[in-house]
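Hi everyone, thanks for coming. Today I'd like to walk you through how the chains in one model meet each other.

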Amino acid sequence: MSGTVKKNYVRPLDFKNGHIDMGHGAGGRASAQLIEELFLAAFDNDYLRQGNDGALLSLPPGRMVMATDAHVVSPLFFPGGDIGCLSVHGTINDVAMSGATPLYLSASFILEEGFPLAELKRIVESMAQASREAGVPVVTGDTKVVERGKGDGVFISTTGVGIVPEGVHIDGANARPGDAVFVSGHIGSHGMAIMAQRESLAFETEIVSDTAALHGLVAAMLAAVPRLRVLRDPTRGGLATTLNEIARQSNVGMLLEEKAIPVLPQVDAACELLGLDPLYVANEGKLIVICAEEDAAVLLDAMRAHPLGAHAARIGTVIEDAHGFVQMKTRFGGRRVVDWLSGEQLPRIC
Amino acid sequence: MSGTVKKNYVRPLDFKNGHIDMGHGAGGRASAQLIEELFLAAFDNDYLRQGNDGALLSLPPGRMVMATDAHVVSPLFFPGGDIGCLSVHGTINDVAMSGATPLYLSASFILEEGFPLAELKRIVESMAQASREAGVPVVTGDTKVVERGKGDGVFISTTGVGIVPEGVHIDGANARPGDAVFVSGHIGSHGMAIMAQRESLAFETEIVSDTAALHGLVAAMLAAVPRLRVLRDPTRGGLATTLNEIARQSNVGMLLEEKAIPVLPQVDAACELLGLDPLYVANEGKLIVICAEEDAAVLLDAMRAHPLGAHAARIGTVIEDAHGFVQMKTRFGGRRVVDWLSGEQLPRIC
Amino acid sequence: MCLAIPVRVIEVRPEQKAVVDLAGVRKEISTALVEDVQPGEYVILHVGYAIGKVDAEEAARTLELFNQLEQAQSAERPIAPEAVK
Amino acid sequence: MCLAIPVRVIEVRPEQKAVVDLAGVRKEISTALVEDVQPGEYVILHVGYAIGKVDAEEAARTLELFNQLEQAQSAERPIAPEAVK
Amino acid sequence: MKYIDEFRDGEVAQKIAARLRAEVSPDRRYSFMEFCGGHTHAISRYGIEELLPANVRMIHGPGCPVCVLPIGRIDHAISLALERGAIVCTYGDTMRVPASGGLSLIKAKARGADIRMVYSAADSLKIAAENPDREVVFFAIGFETTTPPTALVIREAAARGLANFSVLCCHVLTPSAITHILESPEVRDFGTVPIDGFIGPAHVSIVIGSGPYEHFAEEYRKPVVIAGFEPLDVIQAILMLVRQVNQGRAEVENEFTRAVTTEGNVTAQTLVSEVFELRTTFEWRGLGEVPYSALRIRPAYAAFDAERKFQLDYRPVADNKACECGAILRGVKRPTDCKLFGTVCTPENPMGSCMVSSEGACAAHYSYGRYKDIPVVTA
Amino acid sequence: MKYIDEFRDGEVAQKIAARLRAEVSPDRRYSFMEFCGGHTHAISRYGIEELLPANVRMIHGPGCPVCVLPIGRIDHAISLALERGAIVCTYGDTMRVPASGGLSLIKAKARGADIRMVYSAADSLKIAAENPDREVVFFAIGFETTTPPTALVIREAAARGLANFSVLCCHVLTPSAITHILESPEVRDFGTVPIDGFIGPAHVSIVIGSGPYEHFAEEYRKPVVIAGFEPLDVIQAILMLVRQVNQGRAEVENEFTRAVTTEGNVTAQTLVSEVFELRTTFEWRGLGEVPYSALRIRPAYAAFDAERKFQLDYRPVADNKACECGAILRGVKRPTDCKLFGTVCTPENPMGSCMVSSEGACAAHYSYGRYKDIPVVTA
Ligand code: SF4
Ligand code: SF4
Ligand SMILES: [Mg+2]
Ligand SMILES: [Mg+2]
Ligand SMILES: [Mg+2]
Ligand SMILES: [Mg+2]
Ligand SMILES: [Mg+2]
Ligand SMILES: [Mg+2]
Ligand SMILES: [Mg+2]
Ligand SMILES: [Mg+2]
Ligand SMILES: [Mg+2]
Ligand SMILES: [Mg+2]
């Protein structure tokens, strides 16, 4: 079948020096070539090879979960990852945060005219690798090209579907006073790895993004404690904002213990330097989990037994609070509110 | 529960004079407010109100179809529609082109800093209306904000899932020599309605986009002829390119009859003016269907009985051709190849 | 060589502009290159400019010519276009 | 008022620049506002500029002061911080 | 669409085709060159060759302004945008023409050049007015049809004192190219390109009139029939050429009387002479240097001449070696004679300009005519 | 992190807190003003107030440069970007401060103003060098800590002849503001703001030294303890103030000896005097016109003074009527005294500048302290 194709376009794409132009998004033969030589080659699976506008999939019985995320990270490549693997992890994690087994991904690309094909290839191959490692294939996709100055290299929106096992009922509204609150590891690494790349801030660190697919960890946690109450990945807005979201959804408060929250020293240092609070810095391979107090010990053991949960820690307790405040006992001995992120996290000077 | 919310942000969004700023995409309280006051309000359904990172859905048994499309149309508003309804129709149609009943949509928004909230509201409401009319809810979503000059107002990626009824086997690879080829109505209206809005071309017409959700028409067609061979919506690249795609997938040729192809006179005229060929102009509410010759008459009746197929026409026949050429008997009496769209469709001067 | 099409003038505007119509599609064009353009006339439009007028009588004569051929000399052999299908 | 932090100088560079370290995070800063900066010293960094040095002895003395308090006057009443939980 | 649809009538075409079959002498071959890309396009798009008797052969001429634009001129446009930071305005047709270093205007745009596709020369003037702090260059290509609008905008820029506007003038002249072909050794001496007559330009002739062609008919004894670009115009013109050949005539006939007069558009001609003057020579792709075959901006409007303003030195650049464009433009070869046709060279990755414009012989054959090279079996 | 972590030790804090409880006289109230926003922030973020005896009250002072920036100055910055097309560079802190017409720098940016957040004054110079065809204005705010870097970039711009660079100078002076507060009727006459002593600035004092505060201690009989911004520094300084009050002393003491000397950073002081001179008066939000309280660029560097270059006329703009920022900055009211606090005015939609900077009293209380207003039940 690819023999037939070759008749139509013989010169392969120039992945060394070529650039995306408007023709690659026009839906004609140039678009078809990009799909064939880049996307199909990288993602290579039978669903995508169906070549129809939608992919025909088989699904085990159960309640389905659907999640989507747009990825617009800048820079596109950063220590520990790139927008490609991020877009796979980001959506797999959102599916996993319902306790579901992620099964299929779709990917839609918005490319900026002039984007180097070499970089696009690197991104797509990183995506494909992440998808293979996670065992979640990209089964359908779409590619558009926008004029130079109307995009930012590449944006990737991914959507994932998965199936929730019987007996699992996870919901942000499930937290109850007395429940234990955990985080699966050190916070703030992803956001800080990216900020360190911003030319204007110009600092050097060994910080690498924590981007990772968490469904394996979730499966291990559910095997130990099937009745987990809440799962959520503290991405944009960081730990603080995600806890506030849960508090609002469950109509409870929380009380955190500052010294229990795992933060790498270099992340802490970079935050000091920029006047930021690690509680508000984004993560991409961490989760927050809430369970009943009586399951807390078993859960923590299960998390720590998994490589992605090795530094898991109990960071607080759910409390009754009609105002939904997340509070924290500071390392210093005081107490304070841990509020939602307000606005954008701008480096603070004074 | 929305009472609890109010405690956190009291001043409603300014949908009259406000603009998107970076804070709306930072994942903090401003993001939450945008979701609450705009997206939840417009799409209003229980799935979305779950408020988790993924939506928990119930799915009837059957083979699932998943399809995705990024929408980057410029201008955002055009006669007959806008990017909002387009993004609903575009993905519903891709699901429907597998013969599936579309069930759920996800939506991911990439907003440009400075985009007026009033326009965003108009777009989201148009999307919500299209989703309601189609009976396909938007169950989960995501919103990101990019800096001014790194986007183009709003991009919307939608993903849809649906279930294929028993006995339906539609595939672009199913066309066989002798099969009948149909189009569901006049071609080229969508692309031309948009081109007419481009300031640089500056012409006036009454042309309106044909954007529409086609799953109802597909259901009617399948009711009449369950064993349809191929369905596809000729969007970017137009009728010509989509037929070439099918010819390639099925490893056949086609022979079209130019005078049978329905084109509105004003679309024809606009094409003459710009040196374009209506066969390459995009559609958003049309489909191509291929069936066995013996089903042709029944199918045409079924299509014409549906409002979206009133102008359906048989436009050609599948032929044997190892080269996959789509050929056409011209109205003039000659014969020619109808090739893939090459590059972008640029207005031609000479 | 260059793409140009006959369009009908429906309105003459100041500064050597006119609005033309082609099957309901309207566009403002420049008439700076053609003298004395009147509504109802057809002009040949190229890159936004009228470059000449269509002579209605000559057009009719040409169309007649196409058919006269046949009338004058009738079909001597049967018409056998290539079989396409 | 303004945000500033003590960082260790690890390298002095030409044109009144230095590389400083804070728990593994490194940054090039300007030392144009402080005389005679030496590697190993701590400076107070503000908006990319060293604005002063940290006097190690004084720092030790201040820390001692915090504790001396206790030693000198010992706890007269039991410490009863507010119950947080 | 009046004056369009009537000239595309398939039934009438069959009648003219029948007449043509009846009138050709079975014992001789007829070779006609359609000078214009517009005719080439019509022949391919409407499948006119299928209606022609087997012994009537059409030779595609060099009358596609995109195809004859030499690489060096496109390089100029690209360097103005990429290196000099100018906004370069251009008709869409030129966007994909291959230039040096694997570039084209569309690829240069993808690398950050500010290149704007315009529908009309007037749009480039508007862009100049809107961007007073940028240099705006209109990359002006085309034959006599397209030259008058360029003259108008130069005059208007002068009147409005738009100091940031200039024109990179690549306008070329039809009669000189025809002369060049007739003077070429292939036609004149070797007879490798047997030309029995010309289909004369449609829209060029609206501007220049039918007068200039008299010379060819007389001097070179070649029949010329000026024809419109609609398919009936073309087939009728072929019939008229066959009749001239059969009758031993070599005259200028006008099939396109509804738009073409003997003297042409005098207003436009006057304007063009006011703004432009003849270049002593100009390079055409495929034809090489052709004397007195192009226009340049008169010294009175030097301020708007991009060549002068940016001191552009023209340097000829060789075409891709394997590309047969030159020979095809001279009528010596056909697209399928080129080894790259349809494999390395396609509309997506054109190696030569003839694969770019849909009026180019290679693109026309690729997009509309390839089925002819290949036997087709219908079900 | 050396010199940081040791000064945040919770166990040591408990000890100092115990000492404080032991030493305060139960029968009197102690009111201390921390002048600096940095201290305000530390008090809220680390929950220091919980460690203080009930009769020790902290009054938040006006030492947050973002909070005291009057609307008219931000309007200048916005108009330079929006109306004059300049690139305006600014520290992130000012981005959200409400200006006239419902705007702020961040909202102006969303409307197309080219506003760049910089980490350092030097970055704005770099932007100017990279954009020679644009005007680049550095919106310079801050107290004595932040002024020397601005002086350096002005001097460098002059040395490099960067004609497109200028500075909108809004640098203000700490001692004048303290004087202004001490001279205010609330403090001096009515005693509505009983100030028993000051926590003196940390980083400002690194630059100006402890010398300038002697005047207040002597003239106004107010104890001053200069303290670092770490929580142990703050609580220790409070203890030192309590002791002065108890002992009837009014001296300048220095808790921050590890960084602050008597004379301060003379290099920086010299540089500042070379580039800047005193303004006779300057408007502070909340305090109104304060004589000799700010700096402007000396005539020698006039070419780099955005006020002169763009002929900016300062016009005071009234704050939102319901906003109590002014009273809060003078220590007369607390955030919760404002009717808008936490309802109409939140960090997302700040009505006043005190809700913008995390050093602002309203923002600090909103983000860190609100639980205190509300009884909490733990499970
Ligand atoms: S096919 Fe391409 S390479 Fe060959 S002659 Fe034509 S344009 Fe040149
Ligand atoms: S809460 Fe807002 S409005 Fe009230 S004083 Fe503070 S900043 Fe001003
Ligand atoms: Mg999501
Ligand atoms: Mg995610
Ligand atoms: Mg998530
Ligand atoms: Mg698609
Ligand atoms: Mg960009
Ligand atoms: Mg799709
Ligand atoms: Mg679609
Ligand atoms: Mg489709
Ligand atoms: Mg999301
Ligand atoms: Mg934009």
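This is a predicted model: local features need pLDDT of at least 70, side-chain atom pairs count only at pLDDT 80 or more; totals for chains, interfaces and linings use all residues.

Residues are numbered from 1 along each chain as its sequence is written, chains are lettered from A and ligands numbered from 1 in the order written, and side-chain values use heavy atoms, with hydrogens and water left out.

Let's begin with A and B. Chain A brings 79 residues to the contact and chain B brings 78, where contact means heavy atoms within 4.5 Å. Together they bury about 6500 Å², and carbon and sulfur atoms give 54% of that; buried area is the accessible area (1.4 Å probe) that two parts lose on being put together, summed over both. Of what chain A buries against chain B, Met66(A), Arg236(A) and Arg248(A) supply 12%, more than any other three residues.

There are six salt bridges between these two chains, meaning a side-chain nitrogen of Lys or Arg within 4 Å of a carboxyl oxygen of Asp or Glu. In one salt bridge, Arg236(A) meets Asp142(B) at 3.2 Å, N to O.

Strands cross over too. Strand 2 (63-71) of chain A runs antiparallel to strand 1 of chain B, joined by four bridges; strands are DSSP runs of E, at least two residues, and helices are runs of H or I, at least four, numbered from the N terminus. Pairing requires at least two DSSP bridges. Here Met64(A) has Leu57(B) as its bridge partner.

Now, which residues coordinate the magnesium ion, ligand 5? They are Asp94(A), Asp233(A) and Asp53(B), each through OD, at 2.0 to 2.2 Å. Donors are N, O and S atoms within 2.8 Å of the metal (3.2 Å for Na, K and Ca), and water is not among the atoms, so sites may look incomplete. Asp94(A) lies in helix 4 of chain A and Asp53(B) in a loop of chain B, so the pair joins two chains.

Finally, B and C. Here 20 residues of chain B touch 16 of chain C, burying about 1400 Å², 71% of it on carbon and sulfur. Strand 9 of chain B pairs antiparallel with strand 3 of chain C over two bridges, and Glu204(B) stands opposite Arg26(C).

Thanks, happy to chat!
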